[in-house]
Amino acid sequence: MLPFPLGYLQQQQPCAPEPVDWEAAAKQYSAYRAPSQQQQQQQQQQQQQPVEDYGGKRKGAKKGSKEMPDDAAEADDVVPPDAPFPEEATDDLGYLLRQADQNPYSYEALQALVCALSSAGPDKLEDYEQALERFLFEFPLLFGYWKKLARLQCDPKGDWNKCEEVFERSLEFVGHNPLIWAAYFEWMKDFACLPPHLVRARMDQAIQHAGAHWKAWPLWQCILDWEEEELFAAREKITAAEVAAPVEEDLGCTDTAEGETPPKEGLNSLLETNRQRMQTALQRLRLLYSQLLRTPLESSDLGWERLKTLVEKGSRSSIKSRRGPRPGLAADGGLCGDGGPFKGASTLFDVYDLLGDELLPQLLQRLQQQKSATLEELQLPVEADHATEQPAAADPAAARAAIKERVSTLASLNAVDRECWQLLRETLDATLEQAALRQPFERAVSSNSSSSSSSSSNSDSGNDSSSSSKGSQTTTSCKVKDLCRCPVASGAPNSGSSNGESSSTHRWFWHPDPLAPRRLQAWREYLDFEEKHAPERLELLQRRCLEVCASYPEFWLRCARQRRQQGPEEALKLLEFGATKILKRRRDMACVYASQLEVCGRLKEAAEEFEALVRPPLDAASMKYFMALLQFSMRHPPETAPDGLSHALLLLQEAAEKYRDNPRCAELLHLYRAKLVAFHGGDTKQAL
């Protein structure tokens, strides 16, 4: 069922607009164009002043500077003068305010008001905020205007708490959009100073809501930037503290006053705090990269490149050392070798430290198999398998430490690093295959002609970056590349251009303009694909679809039926959200919600919704909603009515009185009443 045209809301006003008095309007505009008495006096004074000679040709001031030539005044009947008076901007804002008041549900009128107030100056900030609130109340899916409203609170006003409140309100409508989360983290970095645990809590919330979005790479980038800054900031402080300790001892700065903390104890405390901070950041990065490499995104290969850069930066030192006790450093962190401590070794990490916990058993199994194969080739006795001696999974830290100790005895450093990269690359290749399956759908629903080239270049860069790995990775990458070029099935959506919409249009957000039939069909197929192959990603795709296709009740009903598998309450909750907060001015959406209330057995609420459909104003478009109420009343007559037929005839009689000014609607009502009397009552004579 397609929605009503864009002018449907204007047709529901209580009364028809009054005819415009063009003659009075012309007089008012002429009075506006004519100069006032004070301005005429100023012009006369300017004419009486003598013209000074500056040595060049100069025209006399015969006319005022604000007056337009006669030919321009005759040709310009609607445009304001070229040299406007200072109060013209105020008049424009007043005109836009009147337009917004006369059309309170018009997207164009409210958007024009917001755009005008955004550049009106600092004295109009309150009006700008009220206009944004008014605009977002009617159209809450516009995430760009939520960003404007939140930025307004923290940048000009400097109220971070109010910015937080606005952002919390926006999550109900656009919390699945990664761009608003990325903007929030930028504001938090510029205008707030939150402790790390609160920042990480927000980041976890962002990943939960929008981390699996197809275009979520900017969000992942913000989160990884913050965690890496934490990691290397702690690393620099540890290195600085380790360098400062022997310098103080050499200078003899060991005497302290009574009651003061010795410098060595304070230094050790600082080192312990920063080591704990670094370990926390490293653990967070391990979890983040493990999840990122398993999430199919538009730019999944960029995460692989970033991981390689991080490992290279983390293991950079004058000595290529091993995990745990480093060469030149004792196990307890004391002095070794020539009596001097090894600086910087305790802050190194490599790819093993960023390998997810779920991949450690596979790493241990592969290394054991390689060692067993090598021993068999050398005809040496094979060691017993110690896999059963691993700690229980309930203690991940102990299990990781035990596997780390076991791995160090099975292979060399290069062999362990090679197997770690191999496991991570296999995980990425599986994710790229999943991304390639979704790429044709993403192209079709966004209609972005440039996405094909950018995605292909991303895939190519990911394949080139893995050329240093084993030869088996090249085969998998070529297979992923082929999947990106071919459709997934015969019914895969096509990314070509269609009628009524340009192929260069990129829209993955809501807009009042209608969508092309090709894009609507692509969303239907995409929803069916995720429901069949990846049910865990279906909820996020539904929110994305209902953001772009919010004006189409068909998709609300489709998503509600898909959610009905989780329970009828989930489906009703979705339809209630659409009928009361997104399409609150649309009676077709309210009718869908009322029908689902009836299906779920909530008859009292369904009757209230059906009755609300036929409240004034009544027009020809509301006839179908009256028929829906009539059919509901026949299926479920009220307790006060003797039967369904009597109540239906009473409703028809009342409707005939309401629609008596519309002959076509009145005729349809009389015909339907005769049909009820003839076929349900059996009284043919009365029907005639």
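This is a predicted model: local features need pLDDT of at least 70, side-chain atom pairs count only at pLDDT 80 or more; totals for chains, interfaces and linings use all residues.

Trainee: What makes Arg-134 and Asp-101 a salt bridge?

Mentor: Their side chains come to 3.1 Å, N to O. The cut-off is within 4 Å for a Lys or Arg nitrogen and an Asp or Glu carboxyl oxygen, so the label applies. Arg-134 sits in helix α6 (residues 125-138) and Asp-101 in helix α4 (residues 88-102), so the bridge ties together parts 33 residues apart in sequence.

Trainee: Why is Asp-101 called exposed?

Mentor: Its relative accessible area is 52%, and exposed means over 50%. Arg-134, at 27%, is partly exposed.

Trainee: How do you know that Glu-129 and Lys-162 form a salt bridge?

Mentor: Their closest N and O atoms are 3.4 Å apart, and the limit is within 4 Å, so the pair qualifies. Glu-129 belongs to helix α6 and Lys-162 to helix α8, so this pair also ties together parts 33 residues apart in sequence.

Trainee: Is Glu-129 buried or exposed?

Mentor: Glu-129 has a relative accessible area of 9%; buried means under 20%, so Glu-129 is buried. Lys-162, at 26%, is partly exposed.

Trainee: Which residues are linked with this pair in a network of salt bridges?

Mentor: Glu-126 and Lys-157 are linked with Glu-129 and Lys-162 in that network. The side chains of Glu-126 and Lys-157 meet at 3.5 Å, N to O. Glu-126 lies in helix α6, and Lys-157 in the loop between α7 (143-154) and α8 (160-174), 31 residues apart.

Methods
Residues are numbered from 1 along each chain as its sequence is written. Side-chain values use heavy atoms; hydrogens and water are left out. Helices (H or I, at least four residues) and strands (E, at least two) are DSSP runs, numbered from the N terminus. Buried means under 20% relative accessible area, exposed over 50%, partly exposed in between (1.4 Å probe, protein chains only).
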